[in-house]
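This report describes a single protein chain from its atoms. Please read it beside the sequence and the structure shown below.

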Amino acid sequence: MLINAVSSSAPISSLGEPVKTLPATCTEAPPVDVFENKPVLASPCAVTAPCAKNEVMVAFWNAENLFDTVDNPGVEDTEFTPVGERGWTEPKLAQKIASLGRVVRAMNNGRGPDILGLCEIENRGVLTRLRDEGLSLLGYQSIAHIEGPDPRGIDCAILSRFPMLGQPTLHVVHENSGLWDKPTRGILEASFDVQGTPLTVFVNHWPSKRGGRIRDEQRRLVGQKLAQLVQQKRQIDPLAKVIVLGDFNANPTEEALGPTGLGATFDRHKVCQAPAALYHTITEISDNPTSTTLTPQDVQAMMSQQGNLVGTLF
């Protein structure tokens with residue numbers, strides 16, 4: 001089986017057969033930012049070729065503040081209400097759901113990915129709306145979501161065409177110590193029956209770069225935690241199929257992804273030699289619109305330089 005990985009923040013994975021990280025390009029008008037009422041930069045927004053019959057597409061997308069319009073108690077979400085700073089109304093929410101749906105449907109020749117990891121989802125209700133409205137008729141039968149500790153209420157989630165095995169787990173990563181000034185998003189784990197093969201997916205949203213060096217150390221500790229989870233999974237089953245997705249808020253060479261953090265490697269041969277190793281497929285693409293007018297060939301070349309097109313990821 002071949003796994004195709006597409007992401008707005010590329011995946012890091014540990015598996016056992018070849019994997020392609022597909023270059024993504026935009027084939028239609030970019031979605032509109034409902035906050036600023038202007039087109040947004042569509043870095044990866046569509047995949048140029050669909051999966052073959054023996055392939056599975058796994059993707060990740062940061063939904064960027066997918067909130068409902070209700071002021072929920074215990075959550076810092078007043079900004080995203082009709083009376084809040086954003087003036088967050090039902091028409092704006094409907095437009096955002098439609099825009100997200102258009103982006104996801106552009107992948108895989110209109111079918112969307114088979115497994116979609118998400119972050120910045122406020123709750124299961126708005127996630128269900130995204131599935132039933134923006135992604136209707138795409139066959140996402142499984143939803144993995146657990147309310148996390150983030151003060152703003154933004155969570156990780158997974159939509160899948162494949163049946164979920166058991167229940168999802170949310171791994172809390174912050175500790176009661178001076179390093180953690182506030183709770184951070186947990187790591188969401190869920191397993192799916194992919195055509196008879198169990199596949200475990202870890203979805204992440206690591207601490208922001210805002211906050212300086214303390215955030216760097218927090219991301220490194222989250223990376224350590226994730227590495228431990230993968231290692232535990234593969235100690236039980238050395239052949240376990242694992243893929244790690246998320247918004248890591250980290251540069252490709254940052255220590256959070258390196259030896260004292262997640263321990264990912266750009267050397268796919270090391271993945272073959274070390275059962276718990278993760279193959280590093282992240283390529284840095286600037287968010288600055290003045291420097292990101294990339295052609296499909298540009299993205300392809302960047303990924304090729306990182307060795308992303310052929311790996312040992314499944």
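**Basis**

The model is predicted: local features need pLDDT of at least 70 and side-chain atom pairs count only at pLDDT 80 or more, whereas totals for chains, interfaces and linings use all residues. Residues are numbered from 1 along each chain as its sequence is written, and side-chain values use heavy atoms, with hydrogens and water left out.

**The chain as a whole**

The secondary structure of the protein chain consists of 5 helices and 15 strands. Here helices (H or I, at least four residues) and strands (E, at least two) are DSSP runs, numbered from the N terminus. Of the 314 residues in the protein chain, 51% are buried. Buried means under 20% relative accessible area, exposed means over 50%, and partly exposed lies in between (1.4 Å probe, protein chains only).

The protein chain has an accessible surface of about 13800 Å², and carbon and sulfur atoms hold 51% of that surface. Accessible areas come from the Shrake-Rupley method with a 1.4 Å probe; for residues, only the protein chains shown count as cover. Among contacts in the protein chain with a separation of 6 or more, 66% join residues 24 or more positions apart. Contact means heavy atoms within 4.5 Å.

**Helix α2**

Helix α2 spans residues 124–134, and Val126, Leu127, Leu130 and Gly134 are buried in it. These residues lie on the same side of α2 because they cover an arc of only 105° around the axis. The arc is that of the directions from the helix axis to the C-beta atoms. An α-helix has 3.6 residues a turn, so residues three or four places apart point the same way.

The cover over the buried residues of α2 includes the strands β6 (55–66), β7 (115–121), β8 (142–145) and β9 (155–160), together with helix α1 (90–106). At the start of α2, a side-chain oxygen of Asn123 comes to within 3.2 Å of the backbone nitrogen of Gly125.

**Cysteines**

With a disulfide taken as a pair of cysteine sulfur atoms within 2.5 Å, the count is 0 disulfides. Cys119 is in no disulfide, and its nearest cysteine sulfur, that of Cys156, is 5.7 Å away. Cys156 is likewise in no disulfide. Cys119 is buried, at a relative accessible area of 0%, and Cys156 is buried at 4%.

**Salt bridges**

The whole structure contains 12 salt bridges. A salt bridge is a side-chain nitrogen of Lys or Arg within 4 Å of a carboxyl oxygen of Asp or Glu. Side chains of opposite charge can pair when their charged atoms come close. The table gives some of these pairs.

| Salt bridge | Closest N to O distance |
|---|---|
| Asp114 and Arg111 | 3.9 Å |
| Arg219 and Asp216 | 2.4 Å |

Arg219 and Asp216 both sit in helix α3 (residues 213–236), 3 residues apart, about one turn of the helix. Arg219 is buried at 0% relative accessibility, while Asp216 is partly exposed at 36%.

Which parts of the chain does the pair of Glu254 and Arg219 link? Glu254 lies in the loop between β13 (241–247) and β14 (264–265) and Arg219 in helix α3, so the pair links distant parts of the chain, 35 residues apart. Glu254 is buried, with a relative accessible area of 13%. Salt bridges with shared partners join Lys209, Asp216, Arg219 and Glu254 into one network.

Glu79 is in the loop between β6 and α1 and is partly exposed, with a relative accessible area of 27%. Beyond its neighbours within four places in sequence, Glu79 is in contact with Gly84, Glu85, Arg86, Gly87 and Trp88. The Glu79 side chain makes a polar contact with the side chain of Arg86 at 2.8 Å. A polar contact is a pair of N or O atoms within 3.5 Å; within protein, one must be able to donate a hydrogen and the other to accept it, and residues adjacent in sequence count only if both atoms are side-chain atoms.

Asp150 is in the loop between β8 and β9 and is buried, with a relative accessible area of 10%. The Asp150 side chain makes a polar contact with the side chain of Arg185 at 3.4 Å.
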